[in-house]
Each structure stands twice: as structure tokens, then as C-alpha cells.
Amino acid sequence: MDFYVITLFPEMFESPFRGGMIGRAIEQRILAIHPHPLRPYGLGRYKQVDDAPYGGGSGMVMRPEPIAAAIDAVCAGHPALWKVLLTPQGEIFNQALAREFAAKTEGILLIAGRYEGIDERVRSMVDQEISIGDYVLSGGELAAMVVIEATGRLLAGVLGNPDSLKEESFAERTLEYPQYTRPEEFRGMRVPEILLSGDHAKIRAWREAEARRRTARRRPDLLERRKF
Ligand code: 6GU
């Protein structure tokens with residue numbers, strides 16, 4: 001699957017994906033990331049990509065023409081890309097959206113805007129607007145990387161053990177149950193006896209109960225959402 005990214009900072013996309021699961025998927029050609037610099041589409045001698053807001057106010061706003069030209073250039077070779085604008089005003093990204101993105105076999109074009117603002121007319125040029133949460137980043141680059149990581153690991157062959165994906169889809173609706181590994185006792189804290197019992201039915205029941213209890217305490221909103 002191909003991820004194209006229109007960005008003022010294409011070099012940001014190099015090292016984060018070099019190692020780990022996504023790095024391996026890139027080597028195996030399951031996934032490719034194509035950063036596409038926005039700067040060359042800027043206007044005039046200084047390749048300007050932003051300007052002062054009409055109506056006044058502080059900060060700069062990204063002009064629509066460079067972004068439109070970059071989108072047109074990328075899409076000329078790949079007309080079926082799903083075009084996503086990263087913006088704090090977008091729909092909040094979650095695991096369900098990651099799954100939808102992983103099914104977009106024609107590839108995805110991510111457009112990283114800057115926080116201060118993008119000309120409103122850019123919105124008409126994309127298929128979807130996505131935010132990764134209610135906090136402010138100075139640019140959409142890190143958000144684009146989050147989308148690539150969460151989507152990429154769902155592609156067939158990326159994860160070593162596909163069973164862990166099945167467990168995760170349960171974990172989307174509840175938090176994880178508590179996990180332990182060796183040693184049996186660490187600084188006076190013992191592993192719950194039931195996990196050493198070898199009784200797999202009891203262990204499963206204990207884990208489900210713990211997951212539910214933890215979710216009710218920490219993320220009651222997840223349990224609410226299950227009703228819909
Ligand atoms: Cl997609 N962009 C920016 N600039 N800030 C964000 C974001 C995106 N998602 C959360 N905060």
C-alpha cells in the first residue's frame with residue numbers, strides 16, 4: 001500500500017520508519033511512504049506557501065494554489081488515491097478509521113497542513129479531514145505518521161502474529177487486562193496466583209473481568225460507545 005504525503009518537511013518522514021515493524025514492511029514492499037515536498041509549488045522567487053489572513057488577525061494561512069498544484073501532481077499518476085487533510089478540525093482518528101484506511105488498496109494521500117490555518121477552499125479538494133486528538137500540533141506531519149503507523153500495521157503480513165490483531169479488536173472496546181511475565185515476585189509484588197494455575201478457562205474469565213473493571217474505572221466512555 002502506498003502512502004503519499006504532501007509536506008513542507010519531507011525529511012521528517014525518514015528516520016521514524018527506518019526500524020521496527022513498519023521499517024520491515026517497507027523492506028518487504030508491503031508498504032511504501034512517498035513524501036512529496038510542498039515548497040517547490042510555492043509562489044514567486046521565495047516559493048511562498050502562506051500569506052496573511054483576509055479580515056486580519058495573527059498568524060499566517062496556507063494559500064490554496066501550492067497545495068492544489070501538489071495534489072494535482074501526485075494524483076496525475078495515481079488518480080484513485082484517497083485524499084486526507086490532517087487538521088485539528090477533522091474527524092478524530094481511531095482504530096475503526098485505521099481499519100477503513102487499511103482497506104484503501106489504491107493508496108492514501110496525506111496532506112500535512114500547519115496549525116495556524118489553511119485556506120478554507122482546500123477542504124473541497126480532499127475526501128476526508130482527520131485529527132489525531134484534541135491538542136495542538138504545529139503541523140500535520142506527526143499526525144500523518146500516526147495514521148501511517150496505525151494503518152500500516154493492519155496490512156496483511158506486517159504483524160508477525162495475526163492472532164494479536166484479533167485480540168486487539170476486542171481490546172478496542174475494553175482496555176487491556178493486566179499482563180505479567182517473569183519473575184513471579186518483583187519487589188514484593190506477586191503475580192496473581194490464578195495466572196500460575198494453568199486453568200485456562202479461569203484465566204480467561206479473570207482477564208475479561210479485569211479488563212471490564214479497568215475500563216469502567218478509567219474509560220467509561222468506551223463502554224458507553226458499545227451500546228451504539
Ligand atoms: Cl491532524 N494537525 C495539527 N496541526 N494538530 C493536531 C492534529 C492535526 N491532530 C491533533 N492535533
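The structure holds one aromatic pair. Its two members are Phe93 and Phe101, with ring centres 5.9 Å apart and planes at 35°, so the pair is tilted. Rings of Phe, Tyr and Trp (its six-membered ring) pair if their centres lie within 6.5 Å, and planes under 30 degrees apart count as stacked, over 60 as edge-to-face and the rest as tilted.

Please keep in mind that this is a predicted model, in which local features need pLDDT of at least 70 and side-chain atom pairs count only at pLDDT 80 or more, while totals for chains, interfaces and linings use all residues. Residues are numbered from 1 along each chain as its sequence is written, and side-chain values use heavy atoms, with hydrogens and water left out.

**Around the ligand**

- The shell is made of Leu86, Thr87, Pro88, Tyr115, Ile130, Ser131, Ile132, Gly133, Tyr135, Leu137, Gly139 and Ala143; a residue belongs here if one of its heavy atoms lies within 4 Å of the ligand.
- These residues divide into eight nonpolar, four polar and no charged. Here Ala, Val, Leu, Ile, Met, Phe, Trp, Tyr, Cys and Pro count as nonpolar, Asp, Glu, Lys and Arg as charged, and the others, Gly among them, as polar.
- On the side-chain end, an N or O atom of Ser131 is 3.2 Å from a nitrogen atom of the ligand.
- Backbone atoms take part too: a ligand nitrogen lies 3.0 Å from a backbone N or O atom of Ile132, and a ligand nitrogen is 2.9 Å from a polar backbone atom of Leu137.
- Of the 290 Å² of accessible area that the ligand has on its own, the protein covers 100%. Accessible areas come from the Shrake-Rupley method with a 1.4 Å probe, and for residues only the protein chains shown count as cover.

**The strands behind the shell**

- Strand 5 (82-92) and strand 7 (128-131) each give two or more residues to the shell, and strand 5 gives the most, with three. Helices (H or I, at least four residues) and strands (E, at least two) are DSSP runs, numbered from the N terminus.
- The two strands pair in the parallel sense over five bridges; pairing requires that DSSP finds at least two bridges.
- Glu91 stands opposite Ile130 in strand 7.
- In a regular strand the side chains alternate between the two faces of the sheet. In strand 7, Gln128 and Ile130 point one way and Glu129 and Ser131 the other way, and all are buried. Buried means under 20% relative accessible area, exposed over 50%, and partly exposed in between (1.4 Å probe, protein chains only).

**Back to the aromatic pair**

- Phe101 is buried, at a relative accessible area of 0%, and Phe93 is buried as well, at 11%.

- Most residues other than glycine have a negative phi, and most peptide bonds are trans.
- Arg29 has a positive phi of about 60° although it is not a glycine. Arg29 is found in the loop between helix 1 (20-27) and strand 2 (32-37) and is exposed, at 75% relative accessible area.
- Arg187 also has a positive phi, about 50°; this residue lies between strand 8 and strand 9 (189-190) and is exposed at 74%.
- A cis peptide bond, with omega about 10°, joins Arg182 and Pro183. Pro183 is in the loop between helix 5 (163-171) and strand 8 (185-186).

Technical notes
Polar contact = N/O pair within 3.5 Å; in protein donor to acceptor, adjacent residues only side chain to side chain.
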